[in-house]
Amino acid sequence: MKETDREAVATAVQRVAGMLQRPDQLDKVEQYRRREARKKASVEARLKAAIQSQLDGVRTGLSQLHNALNDVKDIQRSLADVSKDWRQGINTIESLKDVKDAVVRHSQLAAAVENLKNIFSVPEIVRETQDLIEQGALLQAHRKLMDLECSRDGLMYEQYRMDSGNTRDMSLIHSYFGSTQGLSDELAKQLWMVLQRSLVTVRRDPTLLVSVVRIIEREEKIDRRILDRKKQTSFVPPGRPKNWKENMFKILDKTVITRIEGTQADTRESDKMWLVRHLEIIRKYVLDDLIVAKNLMVQCFPPHYEIFRNLLSMYHQALTIRMQELASEDLEANEIVSLLTWVLNTYTSTEMMGNVELAPEVDVGTLEPLLSPNVVSELLDTYMSTLTSNIIAWLRKALETDKKDWIKETEPEADQDGYYQTTLPAIVFQMFEQNLQVAAQISEDLKTKVLVLCLQQMNSFLSRYKEEAQLYKEEHLRNRQHPHCYVQYMIAIINNCQTFKESIVSLKRKYLKNEVEDGMSLGQPSMDGILDAIAKEGCSSLLEEVFLDLEQHLSDLMTRKWLLGSNAVDIICVTVEDYFNDFAKIKKPYKKRMTAEAHRRVVVEYLRAVMQKRISFRSPEERKEGAERMVREAEQLRFLFRKLASGFGEDADGYCDTIIAVAEVIKLTDPSLLYLEVSTLVSKYPDIRDDHIGALLALRGDASRDMKQTIIETLEQGSTQLSLHGCLQW
């Protein structure tokens with residue numbers, strides 16, 4: 001206590017020292033004293049209040065402890081009284097055992113009395129129930145079955161309560177009601193039969209289906225009640241729970257699977273279109289069934305059964321299994337297309353799951369795919385592989401068929417414009433078109449792949465086509481009398497090239513988007529070059545035919561016979577015109593080039609006759625006559641080829657001008673001007689060779705060896721050693 005006082009005094013001294021640090025603070029001593037007095041009074045008041053509160057709490061606690069002690073004493077006395085009464089009641093309880101047994105027997109007898117009527121009439125009820133089941137009165141039959149089961153279950157429950165270990169009595173009861181389980185099974189069989197035909201039944205007799213659902217719902221309630229009682233008593237009657245609702249959905253599921261599998265009426269051996277028919281039947285059946293389920297069946301089932309949603313799931317699952325089974329079979333290309341088209345497009349289209357009559361319950365966006373992406377990819381790979389083989393075979397067969405036409409004795413058919421053609425382009429592109437239309441039904445990606453495949457195979461096919469056309473030409477050259485219509489069919493081959501080009505462009509435009517087409521034009525081997533080469537070869541072979549017939553008449557040019565009045569050029573013109581009447585059946589792009597080439601070659605052959613020194617003019621008169629004849633024949637040829645080229649919009653008169661220019665050199669009468677005339681010719685045709693000049697001077701017949709040498713040496717400095725034919729080449 002003294003220590004506490006000392007600490008208090010020290011604290012007070014410290015506080016006073018803090019207040020009186022300056023002289024002016026001495027005036028406030030009285031003020032400080034009053035303030036500290038107030039603080040002291042406040043602290044003392046709070047301290048007194050706290051002590052008083054503690055004292056009140058202690059007083060209350062002591063009072064409660066006193067009361068608790070009295071209560072404990074009272075309880076102790078009561079327990080003593082209870083213990084005394086319990087010891088006295090043991091003998092009394094033992095003496096009531098007989099009463100207890102009597103109560104149990106009374107309970108059993110009461111249950112027996114309650115079910116007495118049913119117990120004695122069990123055989124009769126069984127017969128009546130059986131008759132009702134056979135008559136199809138399922139609700140009445142189920143009512144009687146419920147009565148039988150209720151009697152049996154009640155007796156067995158009372159026996160279980162009395163002596164759960166007494167199996168003999170339980171077996172006796174079960175045996176007496178043994179027919180009940182058989183009736184239950186028989187009734188269930190009838191219910192399942194109705195459910196298996198539910199889609200038919202709901203249209204013809206919906207009341208029957210409602211009765212079945214009511215029976216199942218009753219059994220579900222009984223199952224729930226028994227399972228609830230099991231939690232309390234552990235007693236479960238025989239045959240429970242029946243789970244008829246669960247079995248109902250299993251039956252419906254099996255029915256759906258059987259219905260889907262049963263739609264295949266044909267096989268590949270009996271009908272090539274078996275898969276198309278199979279899928280179409282599935283589509284029709286599933287759509288009809290779901291529409292019936294949505295509009296009629298939902299009215300026969302409680303809402304919580306969600307019958308339409310469950311049936312939709314069953315059909316979708318059954319279709320998934322069936323589509324996987326079909327995909328695993330060794331399908332042909334057209335069958336793969338049919339399957340994928342149905343799975344990827346038809347199934348979700350308005351023809352099936354997207355039908356307006358199924359909306360809004362069916363949302364095609366939530367349906368899982370019938371085939372996995374891997375399976376679809378494998379099918380597409382198989383399809384592309386098979387399609388490649390088929391296209392190669394089809395193209396080969398088409399070409400073989402076309403080749404057979406080439407040796408026919410009759411002319412080929414003409415199109416609406418009168419141009420000869422064969423059926424090859426139509427057959428090829430009809431086949432391409434069919435495959436592209438089929439691929440487009442599946443997906444845009446597959447369509448593009450098929451188009452690329454068709455173009456690739458077309459490229460290879462055209463190479464074979466070119467080879468066959470060449471063989472056709474060679475075969476004809478070995479025997480020009482065979483084939484009889486060689487010219488006409490060669491014209492058809494040339495026209496086919498143009499048809500092929502147009503068809504390829506049309507195919508790309510129809511089945512490719514612009515950006516894809518741009519990409520393909522870069523990566524796709526050009527077929528135009530091959531087609532132009534085939535057409536060029538064809539035109540050359542036809543011109544070869546012309547010049548084989550002209551060979552004898554061309555050999556008569558610039559000969560003594562020619563000078564004396566040969567009609568070789570007349571025959572040449574008539575022959576060329578006759579051939580070009582047939583060549584009118586050639587389509588314009590190729591006919592235009594062919595006419596120009598024929599013009600060029602006739603002029604070249606004429607000039608070749610000039611340069612071959614077949615004749616040497618002996619006098620100015622012969623030179624004049626020969627030159628004038630050359631000019632007339634040049635104009636005759638010019639007229640012919642103008643006529644043949646009419647409508648092409650091009651002028652090739654320059655070819656014939658070459659003959660006239662040569663004629664001017666021959667016609668010259670003054671040999672001293674020969675150098676000037678030859679110089680003019682060389683300046684116009686700078687690629688003329690020395691041997692050409694030599695042959696031309698030899699043709700004149702009046703130029704000496706020295707003159708020839710002088711003219712050639714003089715002109716040699718500015719001339720190039722190129723062929724005269726260079727300016728005339730196609």
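## Burial and surface

Of the 730 residues of the protein, 42% count as buried. Buried means under 20% relative accessible area, exposed means over 50%, and partly exposed lies in between (1.4 Å probe, protein chains only). The protein exposes about 40700 Å², and carbon and sulfur atoms supply 52% of that area. Accessible areas come from the Shrake-Rupley method with a 1.4 Å probe; for residues, only the protein chains shown count as cover.

One nonpolar surface patch consists of Val 16, Leu 20 and Leu 26, with about 250 Å² of accessible area together. Patch members have over 30% relative accessible area and no salt bridge; like charges are joined within 9 Å, and nonpolar side chains (Val, Leu, Ile, Met, Phe, Trp, Tyr) within 5 Å. A salt bridge is a side-chain nitrogen of Lys or Arg within 4 Å of a carboxyl oxygen of Asp or Glu. Val 16 belongs to helix H1 (residues 2-19). Val 16 is partly exposed, because its relative accessible area is 44%.

## Model and confidence

This is a predicted model, in which local features need pLDDT of at least 70 and side-chain atom pairs count only at pLDDT 80 or more, while totals for chains, interfaces and linings use all residues. Residues are numbered from 1 along each chain as its sequence is written, and side-chain values use heavy atoms, with hydrogens and water left out.

The average pLDDT (the predictor's confidence in each residue, from 0 to 100) is 81, and 86% of the residues score at least 70. Where pLDDT is low, the predicted coordinates should not be read in detail.

## Fold and contacts

The protein has 28 helices and zero strands. Both are DSSP runs, numbered from the N terminus: helices (H or I) need at least four residues, strands (E) at least two. Among contacts between residues at least 6 apart in sequence, 76% join residues at least 24 apart. Contact means heavy atoms within 4.5 Å.

Gln 421 sits in the loop between helix H15 (373-406) and helix H16 (424-442). The C-alpha atoms of Gln 421 and Asn 495 are separated by 6.2 Å, although the two are 74 residues apart along the chain. Not counting residues up to four places away in sequence, Gln 421 touches residues including Pro 412, Ala 492 and Asn 496.

## Aromatic pairs

The protein has 14 aromatic pairs. Rings of Phe, Tyr and Trp (its six-membered ring) pair if their centres lie within 6.5 Å; planes under 30 degrees apart count as stacked, over 60 as edge-to-face and the rest as tilted. Trp 342 and Tyr 347 form a tilted pair, 5.9 Å centre to centre with 35° between the planes. Trp 342 and Tyr 347 are both buried.

Phe 429 and Phe 432 are three residues apart in helix H16, about one turn of the helix. Their planes lie at 80° and their ring centres 5.6 Å apart, so the pair is edge-to-face. Phe 429 is buried at 9% relative accessibility, and Phe 432 is buried at 1%. Ring pairs link both into a cluster whose members include Trp 406, Phe 461 and Phe 500.

## Backbone exceptions

Most residues other than glycine have a negative phi, and most peptide bonds are trans. The bond from Ala 359 to Pro 360 is cis, with omega near -5°. His 482 and Pro 483 are also joined by a cis peptide bond, with omega about -5°.

Met 558 is not a glycine, yet has a positive phi of about 55°. Met 558 is buried, with a relative accessible area of 0%.
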